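User: Can you walk me through how to read pockets in a model? I'd like the general idea first, then the case at hand.

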Amino acid sequence: MHCDGILFDLDGTLWDATASLANIWRSALAGEPDIPTPPTQAQLQGVMGMTAPQLMASLFPHLSPQRAAQLFDQVSRVENDYILQHGGTLYPGLMQMLSTLSSRFPLFIVSNCGPEYIPCFLQAHQLEDYFTDWECIGRSGKAKWENIRLVAQRNGLHAPIYIGDTHLDKQAAEKAGVPFIHAAYGFGQLSGVQAIACPLDLIKLLD
């Protein structure tokens, strides 16, 4: 497959941070009367890739949009420090994949997250040198498909590809006009698309 840049989703594609996130949500929402039970790791896995309003509506449909936004901001304040200190679980073979492919292509991250989440991921796992640029809805205010286009345009890419694990990633790539590869080891299940079973498969695919 020909490409001149590789754009990655983050959660479910580069790492699984849901164990850390479950601890974060439990701590951040402790004592909130309208959240009697914080989301479990399995529940968080089911909403990865959503925007904050979508995620909160799925987890807590009884909350008003205003209350949901307030609680999400509360979680985010706890999240950044925790992620920076504890990180998450990198998928097996990820470091080798990044090392190999970054010597051949510029690498990027585009995710539906807050503005500090990607920098915390990079710093926690010392991955800053592998990535050329990144973008997210929390920084740009744009939808994922727009951020895919934005990163491609500002880095002069003419044939980028996007790697993600959910149907939302697939839809974003299609809307951006970028070929999509499914990270089948992540959180989402898709059929009828080109897929990789582990990060190292991407090296083989691009050889």
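Analyst: Let's start with helix H4, which gives the most to the lining of the largest pocket, with four residues. Helices are DSSP runs (H or I, at least four residues), numbered from the N terminus. This is a predicted model, where local features need pLDDT of at least 70 and side-chain atom pairs count only at pLDDT 80 or more, while totals for chains, interfaces and linings use all residues. Residues are numbered from 1 along each chain as its sequence is written, and side-chain values use heavy atoms, with hydrogens and water left out.

User: How much space lies in the largest pocket, and which residues are the closest to its centre?

Analyst: Rolling a probe the size of a water molecule over the atoms shows where empty space is left. A pocket here is an open set of points on a 1 Å grid over the protein atoms alone, where a 1.4 Å probe fits, with protein on both sides within 12 Å along at least five of seven lines; lining residues have an atom within 4 Å of a point. Points are joined across faces, edges and corners, and the volume is the space filled by probe spheres set on them. The largest pocket holds about 360 Å³. Its lining has 24 residues, with Phe72, Glu79, Asn112, Cys113 and Gly114 closest to the centre.

User: Which helices supply at least two residues of that lining?

Analyst: H1 (18-28), H3 (52-59), H4 (65-86) and H7 (137-140) each do.

User: And what about the second largest pocket, how much space lies there?

Analyst: About 150 Å³. Its lining includes Gly49, Asn112 and Trp145, and H9 gives the most, with three residues.
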